[in-house]
Amino acid sequence: MREHENKAHGGGVSGPPHADGGAVPGRVRTDRLGRAHVERARSFSPEDCPVPARRRHGPVETGWEDADDESSRRRVLDDAMAGPSPVTAPDPEDRDRVLMTWTVREPGAVSVLLDANGLFAAGGVEALTMTRLAGTDVWTCTWSVPADWCASYGIAAWRGRGAPPWCGLDGRPARLAIMRAAGPDPRGAVDGCMSYRCRCARTPAAAVP
């Protein structure tokens, strides 16, 4: 897949509204890691907030392709579904980046997307669409991100008839369609919390404030 770059936007809290409904620009908040973020209006575009991110062919995909018998494929699935998601590993191509791999089981789904803040600009729907392991209901994707990257995310799975609601869309309409369909990643939960999650590349998972 052609590699795209984007820049991720940080989360924000609501400030005093503008007449157009957006938050007052310039207000600064500090996140739980002590980093400062300038609050943005609700209508901002993800393309305005660049942090490089690239979709990569990941270890689960490679392992599945290399498995040559049922036993090997079972081991790949067992390893991929063990523990929390996503799995973080060093990026062998860049010491300042990590590879984050999401793997989910979505029975009956015909399309599954990773809805992570800041990744939409890195290729839109095509880049966000997870790869299905042939003959299974397991989907996976891997992204190379900065080692200090942190973002909330959800999983959008489509099981309906016809094309997914984001099919053929781009830009804001596609982003909204994905957000409406996205739900929490059960394997990303902490202490049984099944809400949207926030994952930092260097640190263990922590619940969204």
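A nonpolar core here is a set of buried Ala, Val, Leu, Ile, Met, Phe, Trp, Tyr and Cys residues joined through side-chain atoms within 4.5 Å; buried means under 20% relative accessible area, exposed over 50% and partly exposed in between (1.4 Å probe, protein chains only). The model is predicted: local features need pLDDT of at least 70, side-chain atom pairs count only at pLDDT 80 or more, and totals for chains, interfaces and linings use all residues. Residues are numbered from 1 along each chain as its sequence is written, and side-chain values use heavy atoms, with hydrogens and water left out.

**Exercise 1.** Find the residues that touch the most other members of the largest nonpolar core.

*Solution.* Start with the core's 33 residues: Trp102, Leu114, Met130 and Trp143 come out on top. Next, see who contributes: β9 (150–158) is among the elements giving two or more residues, and β9 gives the most, with five. (Helices, H or I, at least four residues, and strands, E, at least two, are DSSP runs numbered from the N terminus.)

**Exercise 2.** Work out how the buried residues of α4 are arranged around its axis.

*Solution.* First, pick out Ala174, Arg175, Ala177 and Ile178, which are buried in α4. They cover an arc of only 165° around the axis, so they sit on the same side of α4; the arc is that of the directions from the helix axis to the C-beta atoms. Finally, the cover over the buried residues includes β6, α3, β9 and β10 (182–183), with contact meaning heavy atoms within 4.5 Å.
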